[in-house]
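This briefing sets out computed features of a predicted model. Please read it alongside the sequence and the coordinates.

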Amino acid sequence: MGSWVIYMLFAWFVIFAMMFWSIGKLLEAEKQGQGS
Amino acid sequence: MEQQRDQWATKIGLILAMAGNAVGLGNFVRFPTQVAQNGGGAFMVPYFLALFFLGIPIMWVEWVAGRYGGKYGHGTLGPSYYLMARESLKPRSALIMGIISGMVAFAGVTLLNSYYLHLIGWSAAYTWFSITGAYFGKNTGQFFSNYLSNHTEVFLFWGITIVTIAIAVGRGVSKGIEKWVKVMMPLLYIFAIIMVGYVFVLGSPIDPNWSTLDGFAFIWTPNWAYLKAHFATVMLAAAGQIFFTLSLGMGIIQNYASYLGPNDDVALSGIATVSLNEFAEVVLGGSLAIPLATAYAPKIVPPDVLAQGKNAALAWIGHKFGLGFAYTSLPNVFVSMGQIGRFFGALWFLLLWFAGWTSAIAMYNYLVALFEEDLGIKRNVGTWLVLLIYFILGLPVIYIGLDKYVTPLDNWISFQLTLLALIDIIVAVYLFKPDNFWEELHKGAYVKIPTFYKWITLIVAPIFLLIPLIGTFKGFVSGGIPPTVGAVIIVMFIIGAIETYFAIKKKYGEEIEKNEVLIKV
C-alpha cells in the first residue's frame with residue numbers, strides 16, 4: 001500500500017473530528033438551553 | 001417590520017432535517033462521477049480546499065441570509081437579497097441585485113431537478129431490476145446503456161417518481177414522511193457502512209490486477225500533473241460538487257434557515273451540517289462506486305482502454321456513462337453476493353431512491369412556497385405548476401440523452417452554483433456590509449468563529465470562486481453547451497427573473513418607484 005492510505009486516513013480523521021466536535025457541542029448547548 | 005413565522009422546535013431537529021436532506025444522490029452518485037471524470041486524486045485536492053475555503057463560509061453566509069430574510073417574512077432569495085443589498089444601494093439598484101440572485105436560484109433549482117429527478121427514477125428502476133435479477137450475469141455498463149435507450153421504461157420510473165413527489169407535496173404529508181426518514185436514513189447510513197467494509201475486503205473479484213484498493217489509491221493519490229493540465233475545469237468541478245452536495249448556491253439553505261428564530265445559532269449548526277454531509281460523501285460515497293468500478297473494470301471497459309491503465313479506465317467509465325457511473329459499478333457487488341444479492345440490491349437502491357425522493361420533496365416544496373409566498377399562487381395550483389415545469393424540463397433528458405444533454409447541463413450546474421455562491425458573498429456580505437454579516441453570524445452563536453474566517457469569506461473565497469468562473473466561462477460560451485441546453489438555460493433564467501421581479505415589486509413596489517427606502521427594517 002502506498003502513501004494514499006495516510007492521506008485517506010487523515011481526511012477521514014478530519015471529517016470525524018469535525019462531526020463529533022460539532023454535534024457534541026450542539027447537543028451540549030441544546031442541553032444547557034443556550035443561545036435562544 | 002419583523003414577522004412571525006413557523007420556527008424549528010429544536011436545533012437538533014433542524015440539523016437532522018438538513019442532514020437528511022443533504023444525504024442522497026449527490027454523495028453516492030454525483031461525487032464518484034466527478035472524481036472519475038476529473039482525475040481522481042487531482043480532484044480531491046481542490047475539493048478539500050473548496051470545502052474549507054468555500055463550503056463552510058458560504059454555508060454560514062446562506063444561513064445568515066436565510067435567517068435574516070425570515071425575520072422579515074421572506075423565505076426566497078429575491079426579496080431577502082433585495083433587503084440585504086439595500087443596506088448599501090438605492091432601492092432600484094438593490095432591485096437589480098435581488099433579481100439577479102432570485103433568477104440564478106430559480107434557474108438552478110429547476111435545471112438541477114430536471115435531471116436529478118431522473119437519477120431518482122434510475123434508482124427506482126434499479127430497485128426493480130435487483131428484485132427481478134435483470135442485471136445479474138450481464139455487463140453492467142451495457143445493461144445501463146440499454147436501459148437508457150428503452151425510453152418507455154425510463155419514462156415510467158421517472159414518471160412514478162415525479163408524480164409521487166407531487167402527490168406528497170400537494171397533500172402536505174411531510175410530517176408522515178419525516179417518520180419514514182427517521183427509519184430509512186439511519187438504515188442507509190448503516191447499510192453504506194457495511195458495504196464500505198465489504199468493498200475493503202472484496203479485493204480482486206475478477207482479475208488479480210484490478211482490485212478495489214486500486215480504486216482507493218486512484219482517489220487518494222494526489223495527481224498534480226492532471227490538476228495542472230486541467231486547472232480551471234477541475235477547480236470548477238470541485239467547487240460545484242461542494243455546492244451541489246451541501247445544497248448551496250440554489251436558495252434551499254436560505255429557505256430552511258428562514259424558519260430559524262432571530263437569535264438561533266447558525267455558526268455551529270453550519271459546521272454540523274457540513275461535517276455530517278462530508279461523512280456521507282467522502283467516507284461512504286467515496287468508498288463505494290469508484291473502488292467497485294476499478295475492481296469490475298475488466299468487465300465494463302473495452303480492452304484497448306484497459307491496456308492504458310486504471311486512471312484511463314475510470315475516466316472512460318466516468319465520461320461514457322456520466323452520472324450513470326454508480327449505476328454501472330454498484331450492481332456488481334450485489335451480483336457477487338449470489339441470489340441474496342437481489343434482496344440487498346433492492347434494499348440499497350430503494351434506500352437511495354428514498355434519500356433522493358425526500359431531497360426532491362424539499363426542493364419541490366421550495367418552488368411551491370416560492371409561487372405561494374412571492375406571487376400569491378395557491379398551493380394546489382403551485383404544486384401542479386411545478387409538476388408541469390419538471391415534466392417539460394425532464395423530457396429532453398429522456399429523448400436527447402446523457403452525452404448531449406445531461407452531462408453538459410450538469411457541468412453548467414457546477415458553474416451556476418459557483419456563480420450564485422459569488423453573488424451570495426457580493427450581496428449578503430459586501431452589500432449587507434461585512435461587519436453586519438459578522439455580527440449577524442454571531443447572534444445566538446454557540447461558538448466564536450476565528451476572525452481569520454472573516455477574511456477567508458471576504459478575500460479568499462471570492463478569489464477562489466472567480467478563478468474557475470473566469471477560467472471556464474469561455475469554454476461554455478464557445479460551444480461547451482449544446483444549443484438545446486443553452487436555450488433551456490436561457491428560458492429558465494428569463495422565467496426566474498420575471499418571477500423575482502414581481503416578488504420584490506409586490507412588497508417593495510412603492511419604494512422602488514420613489515427610489516428611496518420607505519419600509520424600514
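Lys433(B) is partly exposed, with 13 other C-beta atoms within 10 Å; a residue is called buried if 20 or more other C-beta atoms, placed from the backbone, lie within 10 Å of its own, exposed if 12 or fewer, and partly exposed in between. Lys433(B) is not a glycine, yet its phi is positive, at about 85°. The residue is found in the loop between α21 and α22 of chain B, where helices (H or I, at least four residues) and strands (E, at least two) are DSSP runs numbered from the N terminus.

Residues are numbered from 1 along each chain as its sequence is written, while chains are lettered from A and ligands numbered from 1 in the order in which they are written. Because the model is predicted, local features need pLDDT of at least 70 and side-chain atom pairs count only at pLDDT 80 or more, whereas totals for chains, interfaces and linings use all residues.

**Helix α22 of chain B**

- Helix α22 covers residues 434-441 of chain B, and Phe437(B), Glu440(B) and Leu441(B) are buried in it.
- Seen down the axis of α22(B), these buried residues fall within an arc of 100°, so they line one face of the helix; the arc is that of the directions from the helix axis to the C-beta atoms.
- The exposed residues Asp435(B) and Glu439(B) are carried on the face of α22(B) turned away from its buried side.
- The cover over the buried residues of α22(B) includes α3 (41-71), α13 (267-284) and α21 (402-431) of chain B.

**Nonpolar core**

- The largest nonpolar core has 192 residues, of which Leu54(B), Val64(B), Met84(B), Ile317(B) and Ala428(B) touch the most other members.
- The largest share of this core, 23 residues, comes from helix α5 (residues 91-132) of chain B.
- Such a core is a set of buried Ala, Val, Leu, Ile, Met, Phe, Trp, Tyr and Cys residues joined through C-beta atoms within 7 Å.
- Leaving aside residues up to four places away in sequence, Ala428(B) touches Val61(B), Val64(B), Ala65(B), Tyr81(B), Met84(B) and Phe437(B); two residues are in contact if their C-beta atoms, placed from the backbone, lie within 7 Å.

- Helix α11(B) is mostly covered, with 12 of its 15 residues buried; among them are Val234(B), Leu236(B), Gln241(B) and Phe244(B).
- At 1.5 Å a residue, α11(B) should span 21 Å, and its end C-alpha atoms are 21 Å apart, which agrees; the expected span is 1.5 Å times one less than the number of residues.
- Ser247(B) lies in the loop between α11 (231-245) and α12 (252-257) of chain B.
- Although Ser247(B) is not a glycine, it has a positive phi of about 55°.
- Ser247(B) is buried, with 27 other C-beta atoms within 10 Å.

**Chain B as a whole**

- Chain B has 24 helices and 0 strands, and buried residues make up 57% of its 521 residues.
- For 521 residues, a compact globule would have a radius of gyration near 24 Å, and the 22 Å of chain B agrees; the radius is taken over C-alpha atoms, and the globule rule is 2.2 Å times the number of residues to the power 0.38.
- The C-alpha trace of chain B spans about 70 × 50 × 45 Å along its principal axes.
- Among contacts in chain B between residues at least 6 apart in sequence, 86% join residues at least 24 apart.
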